[in-house]
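Reader: I am new to this structure and would like to learn how to read it. Could you walk me through a few features, one at a time?

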Amino acid sequence: MAAGLVLTEPFTLAVDAMGGDRAPDIVVEGLDLAAERHPAARFLLVGDEARLAPLLLQYKRAAAICTVRHAAEAIGNDTKPATAIRMRGASMRIAIDAVAAGEASGVVSAGNTGALLALAKIVIKTLPGIDRPAMAAIGPSARGDVVLLDLGANVVCDARNLVEFAVMGDVFARTVLGLTAPSIGLLNVGSEEQKGDESLRQAADVLRASHIGRQFHGFVEGHDIAAGTTDVIVTDGFTGNVALKTSEGMLRLMAALLKQVYTSSLSAKMGYLLARPGLERLREWLDPRRYNGAVMLGLNGVVVKSHGGTDALGFAHAIDVAMDMVVHRFNERIREGLVRIGGLQPKVGPKDGSGDAQTGAGGDQPGAAAASNPSDDRLATA
């Protein structure tokens, strides 16, 4: 979280108490941790009152900063977005409605990612000038934290989408990482200017001529993500989701191999005792809970997706991210960036006879997104 976070005025975050694998227990425990960090914050906790009441008796700090709103339903991990949109009494829907009504400045949920994106697009809607929202998250690199977007909200992207993602990624890195001039790269199959398709090259030309042109590094490759070559890496949702899942798999592989190495013999176990302080620092640095909280950028309100399988500490980190976004007026800064880049936007036509890019496949991981297009006419009646 950006350093020096101070609440200059009161605001409320809506929290979906029933989303996630171990909800509502880890949600309330996470809010208890958040209350210690942000005692002036206020939360609208939406969920089953009968299940929340005993938890709030147990976690006094959470109870002191929460107002409970009852929700009779919960959207399951397997619920299709089109079905979720019709569940008006669900905790996720009521929490999102609170943002749309101005009761809350943002929403945090560990629930179904596809449903959250679809509901947010329809109920909260996108910011003026944003063609498509993107999903962004922070991950580790050799040079520090790196922002990656899109992570699955848009499988197919054109040049305009990529330019907008770069603008949003720039503001996100300034807001959450506290960087003054984050470097930005477009993920490509090579760093040479002639590499990639027309959309990538067109987006690169626009970014070089824009107000963030000095920060634009150019094209980067897959290995540059872990190397930290740039602070922000922009790509389409298909590639971003594959990169995210590949990175998660490699981290799990590293952990498994280290365990195998240090338990293979008595001398290896003794070596572990000597290396333990360094390994503990490594474990803390790579702890996925530290990076929990994927943000849906480009919406007319703050929407943060916590990993469904996280624990209380991870959920508290997702709350931290939402706090950063609101306190530092993230959406206002997005609007300013879009105004400055507006005259440079590439002119692109519809794809395959339709005006919408495809959206990603549903799932619970931060990089997953809606299983059906949230702008589909069938969903517009929600």
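Author: Gladly! Let us begin with burial: a residue is buried under 20% relative accessible area, exposed over 50%, and partly exposed in between, using a 1.4 Å probe and protein chains only. Leu-258 has a relative accessible area of 33%, so this residue is partly exposed. Leu-258 belongs to helix H10 (residues 237–262). Its C-alpha atom is separated by 9.5 Å from that of Leu-279, 21 residues apart along the chain.

Reader: What should I know about the model itself?

Author: This is a predicted model, in which local features need pLDDT of at least 70 and side-chain atom pairs count only at pLDDT 80 or more, while totals for chains, interfaces and linings use all residues. Residues are numbered from 1 along each chain as its sequence is written, and side-chain values use heavy atoms, leaving out hydrogens and water.

Reader: How do I read a helix, and how many residues of H6 are buried?

Author: Helices (H or I, at least four residues) and strands (E, at least two) are DSSP runs, numbered from the N terminus. The expected span of a helix is 1.5 Å times one less than its number of residues. Helix H6 (residues 113–124) has 12 residues and reaches 15 Å from first C-alpha to last, close to the expected 16 Å. As for burial, 12 of the 12 residues of H6 are buried, so the helix is largely enclosed by the rest of the structure.

Reader: What do the buried residues of H6 pack against?

Author: Contact means heavy atoms within 4.5 Å. The partners of H6 include helix H5 (91–100), strand S4 (106–109) and strand S5 (134–141).

Reader: How are the strands arranged?

Author: Two strands pair if DSSP finds at least two bridges between them. Here 11 strands form an open sheet with mixed pairing, in the order S3-S2-S1-S4-S11-S10-S5-S6-S9-S7-S8. Its edge strands, S3 (66–70) and S8 (216–220), each pair on one side only. Inside the sheet, S5 and S10 pair in the antiparallel sense over 3 bridges, and Met-135 has Met-296 in S10 as its bridge partner.

Reader: How do I describe two aromatic rings?

Author: A pair of aromatic rings is described by the distance of the centres and the angle of the planes. Rings of Phe, Tyr and Trp (its six-membered ring) pair if their centres lie within 6.5 Å; planes under 30 degrees apart count as stacked, over 60 as edge-to-face and the rest as tilted. A search of the whole structure finds 1 aromatic pair. Phe-172 and Phe-330 form this edge-to-face pair, 6.4 Å centre to centre with 90 degrees between the planes. Phe-172 lies in helix H7 (residues 159–176) and Phe-330 in helix H13 (residues 330–341), so the pair ties together parts 158 residues apart in sequence.

Reader: Is Phe-172 buried or exposed?

Author: Phe-172 is buried, with a relative accessible area of 0%, and Phe-330 also counts as buried, at 1%.
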